[in-house]
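Trainee: I have a model open and would like to go through it with you. Could we take it piece by piece?
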Amino acid sequence: MRQRSLPLALALFALAACSGSDWLHFRGTDNRSVSDEKNLPKTFGDEENVAWKVPLPGRGPSCPIVVGGRVVVTCSSGPRQDRLHVLSFDAATGKLQWERQLWATGSTICNPYGAVADNTPASDGRLIFAFYSSNDLACFDLEGNLKWLRGLTYDHPTTRNEASMASSPLVLGEVVVVQLENQGESFVAGIDVATGATRWRLDRPADAVWCSPTVLRGKTREDDIVLLQTRGRFTGHDPRTGEELWLYEADCHTIASCTTCGACVYLPANGLHALRYDPTARSVELLWYEQRLRGGNSSPVVHDGRVYRIKSPAILVCADAADGRILWQLRLKGAIWATPVAADGHLYAVNHDGLVHVVRLGEKGELVGTSQIDSGILASPAVADGAIYFRSDAHLWKVAFPRASEANP
Amino acid sequence: MGPFCRLLPAVCLAATFTTHAFAADLEPLLKRLLAVGPKGAGNREAQEAWEQVARADVSQLPAILTALDEAGPLSANWIRCAVDAIAERELRRGGKLPREELERFVLDRQRAPRARRLAYEWLVRVDPTTSDRLIPGMLDDPSVELRRDAVARLIGEATQMAEGTEPGKAVPLYRKALTAARDLDQINLLAAGLRKQGEAVNLARHFGFLVRWKLIGPFDTTGEKGYDVAYPPEREIDLEASYPGKHGQVQWIDYETDHDFGRVDLNKALGEEKDVVGYATAEFFSDREQEVEFRLASDDAVKLWLGGTLIDEHNVYHAGMYMDQYASRTKLKPGRNVILIKVCQNEQTQNWAQGWNFQLRLCDSTGGAVLSSDRE
């Protein structure tokens, strides 16, 4: 079923090209899983277009981030997964710059597919915020100097989920937002980036949610808004205070997170809702809703006037971002959990077995190649500086054409 | 927290710091790391202190590691990060770690287990012979991680023996390793190895799971109201009494589980019901006052009492059930201790929301079983 509630022209006007540098959050700096990078390899493997591949000391579905020429990744290890790692690698050479470890202070029980390093770290370009399913939150500078720590389950002992707590942090200005929705003490908090103190807290329904806070960019950084999903509610908040600015009621997905493009928000909620935010009115209005765009656990991607969803287990669906019309579908292989990335006119979608599908985007999606990297991949890739970074449970890979890479160490 | 409590870590730090002299200016800095508390308390002071501790000379590593003896979970991470920063920097510049001092530290069982393991891991990086020298003697080590490595070696030897010409000779090695083992994956491997040799293995006893219970229920909790309602067993444990239950009167029944991990299936024991509560009670006899860990698991909302005092509770339904899911530490009194567990089942109809189970074991801090003195 498809519904339209605003004229098409208005919807088209609301779409704006978005871009970013580095890759500072889960799904990129703006949480959109879209990169402006060009000249990226379309096929790669052990013998081809791999600038470097380094072993990781532990597991994790957490995605790599790229900040200031460093690739930062988190892992968890040990028979109880209670050893939490943060590693910084030189993006050019793959050389390990520093590694820090923490002992988990919260529950390390998680679902068999996941790991305690379930949550993608975040950065504001100066600081790195590593967050884990044990609800340990640590802040380091780019040189690996520890700035502060929080044990949020240590502080709130019933805040835990044996199926893991996978929400990734979002840093906006002076606040890092963490979403800890679970059956115990359930809340979202804004943590001060300088001191680790809680600036604000929102009590949330006692129910498990694994989505991540998402940024809706405003005209200036001062106008940025935090988007939060929970069952039955989708809300926009002032990141400085947590104040709720607007509410949209919908049966929100509890794993796939919304995405944005310009003033539009694409919310997975029993299908896909396209909303437009009006900053003057501080409200959202429905542009369209399409039930057939119900996807799996990966988040939607919006790029160049198209919205992409992956339906379980691995069907890529492309729809018109202006009105939700389904344009084409493409069957991929295996099971795909990781949110794909759009870059260089293509979509990179990696399945659990480490098979990367490269789909040329256009009137029809065309699978132009598949490349096998490691098995055991739940993490979405990061794209920055002419390279794509994949992480599996065992390795971190840099995929780039040779002319864009340095010699291996 | 009173002033004495705030000072206590520093007092202990000074008092225990007899074997590792360290630069006088480190002590106040470590105090600030030790003073970090919940909800971000002390983070600002710790941040400044950490930067200086992390610049300490590598010779100070054993002294800094000693601070972990008194560290709470948050402070421990501050100190750990400083140790890693110092060691990493030293090796990157081509320097050396204080190997002899670190080895003495690893072998000192009075030190915090985590600190010893941390020291060991840095030692191994600079001296790969360390594991061969130290690990075989660590089968009974208070550090579960060091012990694990020792058990792993023995598993390797036993497995090799089992695949050889006299597989029966592997049995004493498997038994020795099983006695020492604390990690589930190793225990499962050892049990499988022994059973393959025709040996009986009582895993429930090995882990310390309670297997004999008195059960009563189901009591009606329609509307999920039961978690906070004190049904009769919470007021008194009278094993002769009967009470109105969901479908007529209910009485205490004897139940023994033969599950390897002590799982009690209340659907089987009390009937498959929704929106109900069941109770389990057991006596535990201790030969002395002792601190133990109660490691509880359930796929339902659960409460645990010891001697009438609530010691643990979790109002969570169907998020999974995992061994050692919940841990609480408390003291057993000499003699008879009465345990009571309340397990609530809600009204969810999904097929993954039908479990109504619990398991409980008592153990020491390494996860080694603490058994009731009347247990066969």
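Predicted model: local features only at pLDDT ≥ 70, side-chain atom pairs only at ≥ 80, totals over all residues.

Trainee: Fine, chain B then. How many helices and strands does chain B have?
Mentor: The secondary structure of chain B comes to 14 helices and 12 strands, and its C-alpha trace spans about 75 × 65 × 45 Å along the principal axes. Of the 376 residues in chain B, 41% are buried. If you take the contacts in chain B between residues at least 6 apart in sequence, 70% of them join residues at least 24 apart.

Trainee: Which residues touch the most other members of the largest nonpolar core?
Mentor: Those are Leu33(B), Ile64(B) and Ala82(B), in a core of 231 residues. Helix H5 of chain B, which covers residues 73-92, gives the largest share of this core, with 10 residues.

Trainee: Now the helix pair H9(B) and H11(B): are they roughly parallel or roughly antiparallel?
Mentor: The axes of H9(B), residues 144-162, and H11(B), residues 184-196, come within 11 Å and cross at roughly 25 degrees; the two helices are therefore roughly parallel to each other. Their crossing is left-handed.

Trainee: Which residues make that contact?
Mentor: On the H9(B) side they are Arg148(B), Val151(B), Ala152(B), Ile155(B), Ala158(B), Thr159(B) and Ala162(B), and these meet Gln186(B), Leu189(B), Leu190(B) and Gly193(B) of H11(B). Sorted by class, the contact has 7 nonpolar, 3 polar and 1 charged residues.

Trainee: Where is Lys169(B) found?
Mentor: Lys169(B) sits in the loop between H9 and helix H10 of chain B. Lys169(B) has 13 other C-beta atoms within 10 Å and is therefore partly exposed. From Lys169(B) to Gln197(B) the C-alpha to C-alpha distance is 9.7 Å, although the two are 28 residues apart in sequence.

Trainee: Switching to the interface, how many residues does each chain put into the contact?
Mentor: Chain A contributes 29 residues and chain B contributes 30 residues. On the chain A side, the elements giving two or more residues are strand E7, strand E11 and helix H2, and the largest share, 6 residues, comes from E11(A). By class, that side of chain A has 12 nonpolar, 12 polar and 5 charged residues.

Trainee: What about phi of Asn49(A) and Asn270(A)?
Mentor: Phi of Asn49(A) is near 55 degrees, which is a positive value in a residue other than glycine, and phi of Asn270(A) is also near 55 degrees. Asn49(A) lies in the loop between strands E2 and E3 of chain A, while Asn270(A) is placed in the loop between strands E21 and E22 of chain A.

Trainee: Is Asn49(A) buried or exposed?
Mentor: Asn49(A) is buried, because 20 other C-beta atoms lie within 10 Å. Asn270(A) has 13 within 10 Å and is therefore partly exposed.

Definitions and conventions. Residues numbered from 1 in each chain as written. Chains lettered and ligands numbered in written order. Core = buried A, V, L, I, M, F, W, Y, C linked by C-beta atoms within 7 Å. Buried ≥ 20, exposed ≤ 12 C-beta atoms within 10 Å, placed from the backbone. Helix = DSSP H or I, 4+ residues; strand = E, 2+ residues; numbered from the N terminus. Contact = placed C-beta atoms within 7 Å. Nonpolar A, V, L, I, M, F, W, Y, C, P; charged D, E, K, R; others polar. Axes fitted to C-alpha atoms, helices over the stretch in contact; angles between N-to-C directions. Parallel < 35°, antiparallel > 145°, perpendicular 65-115°, else oblique. Left-handed = near helix turned anticlockwise from the far one by under 90°.
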